[in-house]
Amino acid sequence: MNPAMGINMQPKALNTQSTLYVGNLHPELKEMELFSLFNPFGKINSVRIMKNTYTGESRCFGFVTFEKVEDAKLAQEKLNNSEFMLREIRVYFKKNLRAVHPDKNFVIKNLVFLGQCSG
């Protein structure tokens, strides 16, 4: 919890209904900067940038959870494909991978990228 902002920067569980996936982030982006980008759209419950477990480096994606689904929808509509820190960011609603139908979807994991978070 960031006491100054009253924001949980590393939540234990994300509310999928109002949680946005934010991708193609700049590798040096900090959680407070991501919070500042999304804050104008409504009350945010949590912000998290995912990091490599071993190196601590950004994986160039994160999650923003709003208190209200309507606020998340507005942020997604306004920020998807917008430029932030010289990157065209992607903003989508978080999907529960356990609910993905195996006959209609596939997931690719553990891809190796050349360079830092190349998009």
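**Close-ups of a predicted model**

**View 1. The largest nonpolar core.** This core holds 20 residues, and Val22, Leu34, Phe38, Val64, Phe66 and Ile89 have the most contacts inside it. S1, H1, S2, S3 and H2 each give two or more residues to it, with H1 giving the most, 4 residues. A nonpolar core here is a set of buried Ala, Val, Leu, Ile, Met, Phe, Trp, Tyr and Cys residues joined through side-chain atoms within 4.5 Å; buried means under 20% relative accessible area with a 1.4 Å probe, protein chains only. Helices (H or I, at least four residues) and strands (E, at least two) are DSSP runs, numbered from the N terminus.

The model is predicted, so to speak of local features takes pLDDT of at least 70, and side-chain atom pairs count only at pLDDT 80 or more, while totals for chains, interfaces and linings use all residues. Residues are numbered from 1 along each chain, and side-chain values use heavy atoms, leaving out hydrogens and water.

**View 2. Around Phe66.** Beyond its neighbours within four places in sequence, Phe66 is in contact with residues including Leu20, Phe38, Ile44 and Ala75. Contact means heavy atoms within 4.5 Å.

Note on methods
Buried < 20%, exposed > 50% of the residue type's maximum accessible area, 1.4 Å probe, protein only.
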